[in-house]
Amino acid sequence: MVINPVAGGDASLYQDSWLLCQATRSGTTVGKAGCRFDYIHASEDTSCTVQFRNDTWSVYGQCNIQKAYSVQNRYRCEWIQTKEVTREEKLLANVSMSTVSSVGIYVNGSCNFTSYLPPNGQYTYYVTVVPGEVQVTASFIGSNVIRRPSGTPYHNCPQYVQEGGAINCKCFISDLGSPPGKLQWNTTLSSELRLPNVQQFDYGTYTCQLLWNNTVVQSVEYVLKKGYSAKVPIFNINSFDSKTVNVDEKSHVEMRCYSDGKPTPSSRLINAAEPSQSLNHSQPADDDVDEERSGEVSLSIHQVQCQVSGVYRCEVNNSIGQDSQSRTLLVSCAPRRTNIDGNPPTVNVRNGSGVLTVNMTAYPTPQIKTSGYLGTNNSSDGLQVKENSVYASCSTTLLAPASVTCNVIVINMTHNDEGFYKIVFSNSLGDLPFTFFVKVSENDQQAWATTKTDENIAGIVVLAVMLSVVVVLILVTVIWVWRRGWTLPCADRANQRNTQQNQRSGVISEQSLTPVTTETSGTTDGRVTPLYDALQMKDVGMRSHYEGILRQQNVSEISSYEGTMEPSEK
């Protein structure tokens with residue numbers, strides 16, 4: 001039968017249709033055959049995906065179909081699985097399509113399927129979509145390989161935890177398989193084991209399991225045991241349980257440190273000045289590392305030297321915690337140089353001062369006992385050092401109390417102070433003489449000579465200024481006395497001669513000696529007052545009446561004196 005293309009546009013012509021073929025003979029039907037007749041439109045856009053899921057441990061597929069049509073409503077999907085190595089095909093499902101109306105007579109639809117995981121291998125899947133028998137290859141989400149996991153689980157959980165402590169650990173495995181399996185503790189159902197506050201009932205056995213395809217394929221056990229942190233109950237030197245122990249040089253020293261803990265701790269002795277170097281250590285044996293045992297580490301020193309003085313520490317630790325204790329060993333000795341080259345060192349003086357560092361071994365820390373100047377040829381018995389010119393300060397550190405550093409400081413040094421000096425360092429066990437040479441730099445010598453010249457010039461200038469000041473003061477005094485009308489000693493002798501002459505001549509000016517009569521406010525009559533009583537504050541700086549009277553009196557006396565003098569006296 002040929003369908004006219006024009007008639008093919010009307011789908012209603014073919015709804016519920018059958019094709020019937022029959023054979024007749026003489027008008028009688030002798031045979032017939034028929035089939036359902038379907039008018040279809042194959043989907044234009046179909047996409048399918050497939051994945052191996054580890055949450056349901058199954059194969060899951062899904063297809064989305066766009067714009068399909070079937071007069072007979074035949075909508076379905078056939079899922080076929082192919083194993084890559086053998087190319088073996090297997091029909092997994094023939095499922096109906098869920099449809100929704102689209103444009104016109106067309107529909108959109110989807111079809112899903114779920115199946116058990118296949119055996120190990122690599123697989124592909126394709127789908128036959130009806131109507132139209134359209135074949136679509138499904139794309140994989142994730143891996144298309146089925147593989148059981150290999151390896152053994154392990155964990156990082158501590159074996160010993162003290163009561164009240166905390167646990168936060170995990171379980172691991174190198175290969176979870178494909179699709180990936182799941183690790184979980186039997187108590188938490190996850191790969192992480194958390195116990196924030198361990199109690200007595202928490203101690204025991206825990207199991208970490210690897211689940212794959214709903215089956216436990218691997219597992220590991222963890223036994224939680226009760227323990228306690230490492231401790232240092234005893235650490236002593238020469239059996240003295242003291243923080244500081246003092247011994248004499250060349251004596252015997254024995255240090256002992258005891259430890260306990262569960263598991264058995266490791267121990268070591270160190271000098272705090274060099275913490276990276278172990279003086280002695282102790283490790284628990286493999287067969288008793290899990291047992292509760294006490295440990296011990298010791299150190300013996302024969303003929304102990306002063307320079308081993310310092311702070312010693314015993315450190316212990318186990319998987320739960322650590323502890324340490326420190327002791328200070330002090331070895332007494334007289335001061336001695338640590339490096340001697342045979343020649344006295346030189347202190348170079350610049351800007352009047354210099355510093356020399358001296359290293360020595362001593363305990364207790366020495367002080368300066370005496371100091372002296374030996375001269376320029378180091379042959380003198382020693383003279384007293386110039387005051388405030390030589391100092392020394394010695395210091396040590398807590399970690400090395402016998403390693404002494406002394407700084408010799410010289411100040412106020414000139415060219416005349418050059419030469420050898422000797423300082424004696426001393427403590428309660430002995431003395432250490434130390435000789436050094438002081439050398440003043442050429443610049444300081446030139447500066448010293450210039451300074452002396454400047455000082456001389458300055459002295460002369462100061463002396464001249466002082467003399468000038470004295471002369472000025474004398475002149476000022478004379479002028480001030482003269483202005484005040486006071487009589488100088490030389491004037492007194494002249495006055496005496498004048499008085500004698502006046503007595504001989506008997507000429508005295510009465511007018512100039514007449515008292516002054518002033519009127520005073522508040523009185524009814526005038527009164528005789530001394531000459532200066534009439535002066536007021538307003539008269540300051542003005543010429544006085546007394547000065548005029550005195551001048552007239554002096555003139556008259558001189559005239560009278562000259563008239564009475566003999567020619568020989570003149």
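Two strands count as paired if DSSP finds at least two bridges between them. With that in hand, Tyr154 has Phe172, in strand E16, as its bridge partner. This is a predicted model, in which local features need pLDDT of at least 70 and side-chain atom pairs count only at pLDDT 80 or more, while totals for chains, interfaces and linings use all residues. Residues are numbered from 1 along each chain as its sequence is written, and side-chain values use heavy atoms, with hydrogens and water left out. Here is a friendly tour of the sheets, disulfides, backbone features and surface.

**Sheets and hairpins**

- Strands, like helices, are DSSP runs numbered from the N terminus; a strand (E) has at least two residues and a helix (H or I) at least four.
- E14 and strand E16 (residues 167-172) run antiparallel and are joined by 2 bridges.
- Asn236 has Arg256, in E23, as its bridge partner.
- Strand E8 (residues 98-101) and strand E9 (residues 107-116) run antiparallel, joined by 4 bridges. Val100 has Asn108, in E9, as its bridge partner.
- The hairpin of E8 and E9 has 5 residues between the strands, and Gly104 there takes a positive phi near 65°.

**Disulfides**

- A disulfide is a covalent bond between the sulfur atoms of two cysteines. The cut-off used here is a pair of cysteine sulfur atoms within 2.5 Å, and the whole structure holds 7 disulfides.
- For burial, the terms are buried (under 20% relative accessible area), exposed (over 50%) and partly exposed (in between), with a 1.4 Å probe and protein chains only.
- Cys77 and Cys111 are joined with an S to S distance of 1.9 Å. Their link is left-handed, with -85° about the S-S bond. It connects distant parts of the chain, from Cys77 in strand E6 (residues 76-83) to Cys111 in strand E9, 34 residues apart. Both Cys77 and Cys111 are buried.
- Cys257 and Cys314 form a disulfide with their sulfur atoms 1.7 Å apart. This link is also left-handed, with -75° about the S-S bond. Cys257 in strand E23 and Cys314 in strand E27 (residues 310-317) lie in distant parts of the chain, 57 residues apart. Cys257 is buried because its relative accessibility is 0%, and Cys314 is buried at 0% as well.
- Cys394 and Cys406 are joined with an S to S distance of 1.9 Å. The torsion about their S-S bond is about 110°, so this disulfide is right-handed. The pair links Cys394 in strand E32 (residues 390-395) to Cys406 in strand E33 (residues 403-410), 12 residues apart. Cys394 is partly exposed, with a relative accessible area of 24%, whereas Cys406 is buried at 0%.

**Backbone features**

- Most residues other than glycine have a negative phi, and most peptide bonds are trans.
- The peptide bond from Val130 to Pro131 is cis, with omega near 15°; Pro131 lies in the loop between strand E10 (121-130) and strand E11 (134-137).
- A cis peptide bond also runs from Ser178 to Pro179, with omega near -10°; Pro179 sits in the loop between E16 and strand E17 (182-185).
- Lys67, in strand E5 (residues 58-70), has a positive phi near 55° and is partly exposed at 32% relative accessible area.
- Leu189, in the loop between E17 and E18, also has a positive phi near 55° and is exposed at 55% relative accessible area.

**Surface**

- Leu473 lies in helix H1 (residues 442-484) and is exposed, with a relative accessible area of 52%.
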